[in-house]
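Hi,

Here is the structure I promised to pass on. Have a look at it first, and then read my notes below.

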Amino acid sequence: MLLTPFPHEGYRAGRLGRTNTILRPDNFIAEPDAGGDLAATVHVPVLPAETLDGLAPRPGGRYIDGTLGGAGHAALLLERSAPDGRVLGIDADPAALARVRARLAGAVAAGRLIPRQGNFAQIAQLAAAAGFSPADGILLDLGLSSDQLADRQRGFSFAADAPLDMRFDPTRGPSAAELVNTLDETALADVLYRYGEERRSRPIARRIVERRARASIERTGELAGLVAGVIHGRPGGIHPATRTFQALRIAVNDELGSLEAALPAALDLLAAGGRLAVISFHSLEDRIVKRFFQAEERGCVCPPELPACVCGRAPRLRILTRHPIVAGEDEQARNPRARSAKLRVAQRLETSSP
Ligand SMILES: C[S@@+](CC[C@H](N)C(=O)[O-])C[C@H]1O[C@@H](n2cnc3c(N)ncnc32)[C@H](O)[C@@H]1O
């Protein structure tokens with residue numbers, strides 16, 4: 001198998017009015033007894049009111065949640081678009097879909113929630129197949145869910161010893177163990193530096209290569225211990241392996257490449273006036289979203305020294321969040337995931353419907 005550390009290569013590298021959305025994810029569509037434990041989610045959606053305001057759902061609308069996760073946002077979209085709004089919920093993770101099918105069985109049976117397994121990089125094909133083209137709103141809430149982090153067998157967390165996997169879709173692509181045991185030392189260090197902003201990337205990569213020469217590294221505990229032997233964490237600081245784990249997860253799931261593929265496809269899918277909301281959790285993602293929005297708002301890509309436009313590209317969207325929306329202190333205290341969340345929202349221009 002060909003393993004590439006930067007599968008997305010080619011990537012060059014406000015505030016909306018608040019409303020008091022009440023978080024009632026299951027008061028109208030969940031089957032109270034459906035699914036038991038299978039249906040339980042520990043994920044708390046970030047910026048719920050702000051995201052809903054950004055997407056402005058309405059009855060009868062068609063919405064795509066490209067990162068269904070625990071369906072926190074999707075349930076709110078269903079609630080706000082009642083009685084007949086519909087949501088196509090996409091997730092790469094079959095376990096997330098199974099949970100949502102059980103938890104929101106009523107909405108699925110009513111045809112209002114359509115769960116589909118897949119990568120949001122293929123949002124155009126998934127939407128077309130489900131009859132969601134054009135769509136009135138699209139949400140991407142990036143990264144991993146608390147359900148995935150809490151599942152000890154998935155290998156996302158160094159808090160528990162588990163197989164070093166980290167794939168959102170465990171049926172596809174190389175696992176974190178495959179990357180750690182096959183990338184050469186330079187490529188490994190580059191992954192840690194670029195995706196984890198890990199300043200000690202080179203000594204960590206060297207230690208990994210030395211260790212795997214004796215036996216392959218297969219468990220999260222081994223990797224976390226090895227990194228902790230290179231970086232000595234400070235009391236009260238983050239675990240020394242935090243950046244290494246983030247970097248590997250981003251590489252394993254080609255998270256930046258998927259985002260770069262999804263943004264133009266999502267914009268193409270939107271109806272005139274439709275909205276695109278993206279929640280990111282680190283600067284690499286947020287930069288991609290910010291630059292995409294800015295480029296599509298500008299339209300013209302001619303060099304500034306040209307006296308007149310020759311590219312003919314017209315603006316396709318309007319940015320609704322001049323600055324990213326971040327969580328307030330209350331939400332950050334209630335939901336630690338919200339601390340690094342940044343929400344950006346844009347609206348497809350009337351003149352450029354598909
Ligand atoms: C932060 S969680 C979403 C949580 C959700 N908004 C909620 O309120 O419950 C992100 C989810 O997106 C999924 N995901 C991440 N990247 C993906 C991709 N490229 N394609 C499809 N799903 C993806 C993950 O498996 C995870 O379940």
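Before I get to the strands, one term: two strands pair if DSSP finds at least two bridges between them. With that in hand, strand S1 (residues 62-65) and S4 pair in the parallel sense, over three bridges. Please keep in mind throughout that this is a predicted model.

First, the overall picture. The protein has 14 helices and seven strands. It runs to 354 residues, and 45% of them count as buried.

Back to S4. How many residues of strand S4 are buried? Seven of the seven, at positions 135-141, so the strand is largely enclosed by the rest of the structure.

The buried ones are Pro48, Glu50, Thr51, Leu52, Asp53, Gly54 and Leu55. What covers the buried residues of H1? The cover includes S1, H2, S4, S5 and strand S7 (342-348).

The backbone on either side of H1 is worth a look as well. Leu47, in the segment before H1, has a phi near 45 degrees, which is a positive value in a residue other than glycine. Leu47 is buried, because 23 other C-beta atoms lie within 10 Å, and the cut-off for that is 20 or more. Just after H1, Ala56 takes a positive phi of about 45 degrees.

Now the ligand. Its shell is made of 22 residues, and the closest are Pro45, Thr67, Gly69, Gly70 and Gly72. Helix H2 (72-80) and strand S2 (86-91) each supply at least two residues of this shell. Sorted by class, the shell has nine nonpolar, 10 polar and three charged residues.

Between H2 and S2 there is a loop that holds Pro83. A cis peptide bond joins Ala82 to Pro83, with omega at about 10 degrees. Another cis bond runs from Ser133 to Pro134, where omega is near 5 degrees. Pro134 sits in the loop between helix H5 (123-130) and S4.

Asp268 is 134 residues away from Pro134 along the chain, yet the two are 8.3 Å apart in space, C-alpha to C-alpha. Asp268 lies in helix H12 (residues 255-269). Is Asp268 buried or partly exposed? It counts as partly exposed, because it has 16 C-beta neighbours inside 10 Å.

H12 comes up again in the largest nonpolar core. This core has 86 residues, of which Ile64, Ile123, Leu248, Ala266 and Leu276 touch the most other members. H12 gives the largest share of the core, seven residues. Domain 1 (36-147 + 275-300 + 307-352) and domain 2 (169-252) both contribute residues, so the core lies between them. As for Ile64, if you leave aside neighbours within four places in sequence, its contacts are Leu88, Ile90, Ile123, Ala127, Phe132, Ala135 and Ile138.

Last, the loop between H6 and H7, where you will find Met166. Met166 is not a glycine, but has a positive phi of about 75 degrees. Met166 counts as buried, because it has 26 C-beta neighbours inside 10 Å. Phe168 is in the loop between helix H6 (146-150) and helix H7 (176-182) too, and is buried, with 25 other C-beta atoms within 10 Å. What does Phe168 contact, leaving aside its neighbours within four places in sequence? Ala92, Asp93 and Asn253. Phe168 and Arg249 are 81 residues apart in sequence, with 8.9 Å between their C-alpha atoms.

That's what I have. Over to you!

Technical notes. Residues numbered from 1 in each chain as written. Predicted model: local features only at pLDDT ≥ 70, side-chain atom pairs only at ≥ 80, totals over all residues. Near = placed C-beta within 6 Å. Helix = DSSP H or I, 4+ residues; strand = E, 2+ residues; numbered from the N terminus. Nonpolar A, V, L, I, M, F, W, Y, C, P; charged D, E, K, R; others polar. Buried ≥ 20, exposed ≤ 12 C-beta atoms within 10 Å, placed from the backbone. Contact = placed C-beta atoms within 7 Å. Core = buried A, V, L, I, M, F, W, Y, C linked by C-beta atoms within 7 Å. Domains from an automatic or database assignment.
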